[in-house]
Amino acid sequence: MLNKLRNYWPIISLLLIAFLLCARNYTPGTFLSGWDTLHPEFNFGLAFQRYIIGVFRVEQGLGAVAAHSDMADLPRLVILYIVHFILPLNFLRYFYIFLNIIAGTLGMYFFLNKHLLKQKTASFLGALFYLLNIGTMQIFNVPFEMFTTLFMTLPLIFYFATSYLSDPTQRGKNLLFFCILALLNSPSAYASTLWYVFFAGFFIYFFAFSLVNRKENAKSIRSFFTLIIALLTVNLFWLAPNIYFVIFHAKEVGQANINLLFSDQAFLKNKEFGTIGNLLLLKSFYFDWNIYQGNNVFTDLLLPYVRYFNNILVLILSYGLGLSFLTGVFLSAKKLKLKFIPLFLLLGFCLFFLINENFPTAPIYNLFQNYFPFFKEAFRFPDDKILNLYVFLVSIFFGYFVLFVIEKLKKLNFRLESIFAVIIVILIYGYSLPSFAGNFINTAMRVKIPNQYFQLFDYLNQQPDTLRVANLPINSPYGWVYYNWGYQGAGFLYFGIKQPLLDRDFDRWSP
């Protein structure tokens, strides 16, 4: 029994670390709510109705064609509905976010160990870096389900896609699991731009993968297009309505006053972080973004991390880890030879968006912005649209760096591998210390929603559907609200009431 457990030490270790991280970022008695928040659990019947017939959003003010792909959130809604029978209401969103953390970390280990590194210790450390790097923290700090879902499903989708293309004996099983993961990934399309970026990255990587492996598998190109057709087919339930919106209504989003006031400022924040130093440190615009602290005071969103990284030793450690995955790029290129091309192309795709209007991608990026107006609005936050893919890639490269060191150490003494692994774990833990102090998920996102709001939901749901509700005051054009009991964000009332709601957050979707 003990020997069997030893064989699974990477999985057990990753589970324990991920559970500890979740426990340290949970506040009992609170809802995980704030910023861009989805709360279909406030009224499951209403949520199912709206998601299933969600091409036109009757609840958004006077009605609007669906800009967000609300329907894409159906798989998550089913999961929440199932677990709501055993978990309290205020823990449901915590549960889903924690599930993303744990399953994504294990998925990364399986992908690295099965298809890339094929060495337990290196795969364990690569998966650990995938969990605890600063980029991942920015995905979860103000959690929005579409980003956290992609963190979970990305390595698993790549795992089964690679298995399908590489193993002719298990084609049916791997294609089935790929389709299941593609469906579970659909909540990442809530704001569809993120899914389109994922799809483009998937297409680039696996098209190149099938080309470089065509000698080993004559049907690799055909198999690749089978995956693409399966991926599109599984997502057609939300994809078709979204394509309709993009064709006929996308211009309205760019012309909305709320976006005209805010989009350029948002993009310039992203441009600020498109430098080599920030790419190595995995820093995005979140490191220069504010959050409301109360009493008319705003402070840094990532204040605990900003202070922590002001320590010169921590900064040196951060650059050391950055140089490690940068070294891993060259080491993987040397080791994989032609098979490095898919990783190289995907890295170039990520860097194009992360560098954006900085040198050397500025001329091409400006060309897209000038000639494709929707591109400018869709990618006003290029950092967060590409961060998932970039974190995924740098974790792979970090794994290759670790693998190289381990292979060298094994030639000297097999025990050195364990010592090296322990040292790396300690360094990663030290680098991510604020995360284990409860800052991985921002403390401002853990709030106690007063019971009066649920009383309001009950009251309004007893009133006629024909009523319209106005959320007053509506003096701010930004649709971003601050409640004195702690909540801040795009609002949550419309998840609990069946009537249409006049709310400024809907201004951006329809004139």
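**Note on the predicted protein chain**

1. Of the 511 residues in the protein chain, 58% count as buried, meaning under 20% relative accessible area, with exposed over 50% and partly exposed in between (1.4 Å probe, protein chains only). This is a predicted model, in which local features need pLDDT of at least 70 and side-chain atom pairs count only at pLDDT 80 or more, while totals for chains, interfaces and linings use all residues. Residues are numbered from 1 along each chain as its sequence is written, and side-chain values use heavy atoms, with hydrogens and water left out.

2. The protein chain has 23 helices and 10 strands, which are DSSP runs numbered from the N terminus (helices: H or I, at least four residues; strands: E, at least two). Its radius of gyration is 23 Å, close to the 24 Å from the globule rule for 511 residues, so the chain is as compact as a globular protein of that length. The radius is taken over C-alpha atoms, and the rule is 2.2 Å times the number of residues to the power 0.38.

3. Along the principal axes, the C-alpha atoms fill a box of roughly 75 × 55 × 50 Å.

4. Contact means heavy atoms within 4.5 Å. Among contacts between residues at least 6 apart in sequence, 79% join residues at least 24 apart.

5. Thr105 lies in helix H5 (residues 92-116). Thr105 is buried, with a relative accessible area of 1%. Neighbours within four places in sequence aside, Thr105 is in contact with Leu14, Ala127, Tyr130, Leu131 and Phe151.
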